[in-house]
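Hello,

Here is the structure we talked about handing over. My notes on it follow below.

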Amino acid sequence: MGNYTITVLPGDGIGPEVTEQAILVLNAIARRYQHTFTYHRRLVGVAAIEAEGVAISDESLEICQQSDAILFGAVGGISNYDGSDKVKPEEALFKLRKGLQFFANLRPVKPLKNLLSASTLKPEVLQGTDLLVVRELTGGLYYGHLEPPVPGKPSEIRQTEHGREAIDTLIYTETEIERILRVAFDSARDRKQKVTSVDKANVLSSSVLWRQVANRVASEYPDVTFENLLVDACAMHLLRKPTSFDVIVTENLFGDILTDEASMLAGSMGMLPSASLGTHKTAHGRLGLYEPIHGSAPDIAGQGKANPIAAILSAAMLLQYSLGLKDEAAAIEDAVTKTIEAGYRTEDLREAGARIINTQQMGQKIAATLLQ
Ligand code: NAD
Ligand code: IPM
Ligand code: MN
């Protein structure tokens, strides 16, 4: 029986649709376990740019910092693609991640048994997959484009005498590499005791340093099996034999790309949750930012087609990591599994014999299962 404050940043496109269902499920948890969750809803992304002129206001960042956890939907929209927007909705993410020092992004991939046949991959390849991608989140190409690095500032295209050019720089310090490697090894100790460090050490200097640090940290964890893998080979092995992985640790952009790929092991982008953690402490544990790995999905926004499970499982991670409520987190995972076992699916997981329901109905089914 506890009191907790959660800042909710629904964002754009399907962000608000899936976040609403995560809150419905959190409210079911509150009822079942007699907790009180107080939500502070703030604007973020396009919604914030239109109302406040910035992707996230300083006041909202302050509220995030003072809460026990942050639940995030998605930001961005079609207009983002032409590159001409002065303020990008994605800046909200960079400000949150860098500003609150959420350097460790945990993205678990554990396909549900009843969804193996919904994947584009063969069930016998997927069977037994249970991996965790630990993505470095506050360094690399996302931030190092100017000297000194300016957080959240978009890359600049500039005119030269030879035509236009654009520069992004990939910078990692030894300290940044070491702390994310330690998150990976500590996580592996609670899992299947294996770490795969993914880099491009045959080409990039930052990866050569990454590999040296990874080898050094690995020597401190003799109980954990360790391997280095090049990122292109990793992309292939993920589809060839996903069961060979336990913890994958990698830099920011590689982790971004590999996890969209890995989402298809679980059947859909709408299935993968994430937690972004740092060192910031709260009264109940560590402050964290919880969000599905998917984006605002403009192609399906407003149609009730979005799968809210990634957002709902992100809420479960929030309970586990920031509020220390492990039983409650497990109860959500169990309710998701039962709802899928009962045959309910959103559009993205359509297959023969499935009972297709919309975003809201999926949230309601999972919440109802929690209260049965
Ligand atoms: P996306 O993840 O939004 O969508 C990719 C594909 O997956 C689309 O076909 C979409 O319909 C599908 N999909 C995504 N989530 C789904 C769900 N919950 N249920 C069912 N289907 C789902 O990626 P995109 O289209 O490349 O990007 C759209 C915008 O989202 C861009 O502006 C991008 O920058 C932004 N984005 C934001 C975040 C975030 O806020 N964390 C993450 C990724 C992308
Ligand atoms: C993610 C997203 C973001 C990223 C974008 C929207 C900036 O793709 O969280 O995976 O690349 O980190
Ligand atoms: Mn991504």
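At what angle do helix α6 and helix α7 pack, and how far apart are their axes? Before the answer, a note on the source. This is a predicted model, in which local features need pLDDT of at least 70 and side-chain atom pairs count only at pLDDT 80 or more, while totals for chains, interfaces and linings use all residues. Residues are numbered from 1 along each chain as its sequence is written, and chains are lettered from A and ligands numbered from 1 in the order in which they are written.

Helix packing

Helix α6 (residues 174-189) and helix α7 (residues 205-219) pack at about 45°, and their axes are 9 Å apart. Helices here are DSSP runs (H or I, at least four residues), as are strands (E, at least two), numbered from the N terminus. Axes are lines fitted to C-alpha atoms, for helices over the stretch in contact, with angles running from 0 to 180 degrees between N-to-C directions. The two helices α6 and α7 are therefore oblique to each other; angles under 35 degrees count as roughly parallel, over 145 as roughly antiparallel, 65 to 115 as roughly perpendicular and the rest as oblique. On the α6 side the contact is made by Glu-174, Ile-177, Glu-178, Leu-181, Arg-182 and Phe-185, and on the α7 side by Leu-209, Trp-210, Val-213, Ala-214 and Val-217. Two residues are in contact if their C-beta atoms, placed from the backbone, lie within 7 Å. By class, this contact of α6 with α7 has eight nonpolar, no polar and three charged residues. Ala, Val, Leu, Ile, Met, Phe, Trp, Tyr, Cys and Pro count as nonpolar, Asp, Glu, Lys and Arg as charged, and the others, Gly among them, as polar.

Helix α1 (residues 15-33) packs on helix α10 (residues 309-321) at an angle of about 45°, with the axes 8 Å apart. That makes α1 oblique to α10. From α1 the contact takes Val-18, Thr-19, Gln-21, Ala-22, Val-25, Leu-26 and Ile-29, and from α10 it takes Ala-311, Ile-312, Ser-314, Ala-315 and Leu-319. Nine of the residues in the contact of α1 with α10 are nonpolar and three polar, with no charged ones.

For helix α11 (residues 326-341) and helix α12 (residues 359-370), the axes come within 9 Å and cross at roughly 120°. α11 and α12 are therefore oblique to each other.

Domains

The protein chain is divided into domain 1 (1-106 + 268-372) and domain 2 (130-264), with bounds from an automatic or database domain assignment. Their C-alpha centres lie 24 Å apart. In the contact between them, 18 residues of domain 1 meet 18 residues of domain 2. On the domain 1 side, α4 (91-99) and β4 (104-109) each supply at least two residues, and α4 gives the most, with five. That side has nine nonpolar, four polar and five charged residues.

Ligands

Ligand 1 is surrounded by 24 residues, and the closest are Gly-76, Gly-270, His-294, Gly-295 and Asn-307. A residue is near a molecule or strand if its C-beta atom, placed from the backbone, lies within 6 Å of it. The shell around ligand 1 has 11 nonpolar, nine polar and four charged residues. Around ligand 2 are Gly-76, Glu-90, Leu-93, Asp-256, Ile-293 and Gly-295, which divide into two nonpolar, two polar and two charged.

Regards
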